[in-house]
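Please open the structure in your viewer and keep the selection tool at hand. We will walk through it one stop at a time.

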Amino acid sequence: MTAAASGSPPAAAEPLEPTPKEIQAALTWLAQRGVRLVVPTRLLCVRLGMRFAPRLRTRTCLVALGVAILGSAVLFGLRYLPGVGKQLPGGSYIFVVVATIQLTVWYEQRHRDRQIAARLACRVTRVESASRLRLLGGWFAASVVFTFGGGAGLALAVALTSGSPAYGWAWLALLGVAAVSSGIALTSVLRAPAVAENDASLAVDDQLRIRDADNYVIPVFAIPPLNDLTSHSPLPPPFAPYVLAYMVLSVGAMFVTMLLRQRRRHRSLPPGNYGLPQPS
């Protein structure tokens, strides 16, 4: 697909120059995909360095960890409220930990991408949600549907037809929190304008978009109820086989997605202007 340039940065914007670590991170990432350069374009240095330079990854991980610990502490406190603790699904803290990590990573990436986009000499704007859904793949979409659609159906069934309605409603509420955080993150992945200046950087943008979606590990939200199959919990025993099948379908679909991604991960990028090439 051909890139069309549009827009221009404010006159007062100063260049966002890449650091040596960002340049090295970009060189390594591009070399793994068959593009060997002396130096990449400034855009690719900053864009790839944002995700793969060790210092930046460490900062994002520390922020996400801090927010996740705070959220888990709040949930842990709820367990001591009368009539609440015994009704929460096992592994409830996983919902809070993963959701807060999702939102933290999303915010960090969104903030840095906006910084980069504001300083581009030209910018591609291509928002085609349908084509981007195809880019993520059918197995990825299936894992999302299984996780939230299947989980909501099971939670409602427990709430409405069993002797443990509080368990079902609590599970549904936790899935709601997970759906909100995942929805915010995936909407950003699908609808954000491409950060690119030519067809080569547009191909890199597609690769990063896929990676961003995969990093949100949505099927993890199907795993917490597994704890209720191996311990004393309010989950009615007749629902145990359905919960197990639900987890297998959700995680299995994502596992297939990861296998397919791994086969394509190190394929060469299409020819284009990625920077100054190495001499032949």
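What follows is a tour of a predicted model, from the whole chain to single residues.

**Stop 1: the whole chain**

Start by showing the chain as a cartoon. Followed from the N terminus, the elements run β-α-β-α-α-α-β-α-α-α-α-α-β. Of the 280 residues, 44% count as buried. Among contacts between residues at least 6 apart in sequence, 81% join residues at least 24 apart.

**Stop 2: colour by confidence**

Now colour the chain by pLDDT, the predictor's confidence in each residue. The average is 78, and 76% of the residues score at least 70. Where is confidence lowest, and where is it highest? The lowest mean, 45, belongs to strand S1 (residues 5-6), while H6 has the highest, at 91. Select residues 1-13 as well: pLDDT stays under 50 there, and the model has 28 contacts beyond four places in sequence for this stretch.

**Stop 3: rings that pair up**

The structure holds four aromatic pairs, and we will visit two of them. Select Phe 95 and Phe 221 and show their side chains. Their ring centres are 5.9 Å apart with planes at 20 degrees, so this pair is stacked; the cut-off for stacking is planes under 30 degrees apart. Phe 95 sits in helix H4 (residues 92-117), and Phe 221 in the loop between helix H8 (199-215) and helix H9 (240-265).

Phe 148 and Phe 221 form a tilted pair, 6.2 Å centre to centre, with 40 degrees between the planes. This pair also links distant parts of the chain, as Phe 148 lies in helix H6 (residues 138-161), 73 residues from Phe 221. Phe 148 is buried too. Together, Phe 95, Phe 148 and Phe 221 form one aromatic cluster.

**Stop 4: the nonpolar cores**

Which residues have the most contacts inside the largest nonpolar core? Select Phe 95, Phe 140, Phe 148, Trp 171, Tyr 216 and Phe 221 to see them; the core itself has 32 residues. Elements giving two or more residues to this core are H4, H6, helix H7 (165-191), H8 and H9. The largest share, nine residues, comes from H7.

Apart from this core lies another one, of 16 residues, and Ala 25, Val 35, Phe 52 and Ala 203 are among them.

Next, zoom in on Tyr 216. Leaving out residues up to four places away in sequence, Tyr 216 touches Gln 102, Val 105, Trp 106, Gln 109, Ala 185 and Val 189.

**Stop 5: along helix H8**

Finally, select H8. This helix has 17 residues and reaches 25 Å from its first C-alpha to its last, close to the 24 Å expected at 1.5 Å a residue. Because 13 of those 17 residues are buried, H8 is largely enclosed by the rest of the structure.

Look at both ends before you leave. Asn 198 caps the N-terminal end of H8, with a side-chain oxygen 3.2 Å from the backbone nitrogen of Ala 200. After H8 comes Val 217, whose phi is positive, near 35 degrees.

Key:
Residues numbered from 1 in each chain as written. Predicted model: local features only at pLDDT ≥ 70, side-chain atom pairs only at ≥ 80, totals over all residues. Heavy atoms only, no water. Phe/Tyr/Trp six-rings, centres within 6.5 Å; stacked < 30°, edge-to-face > 60°. Helix = DSSP H or I, 4+ residues; strand = E, 2+ residues; numbered from the N terminus. Buried < 20%, exposed > 50% of the residue type's maximum accessible area, 1.4 Å probe, protein only. Core = buried A, V, L, I, M, F, W, Y, C linked by side-chain atoms within 4.5 Å. Contact = heavy atoms within 4.5 Å. Expected span 1.5 Å × (residues − 1). Polar contact = N/O pair within 3.5 Å; in protein donor to acceptor, adjacent residues only side chain to side chain. pLDDT = per-residue confidence, 0-100.
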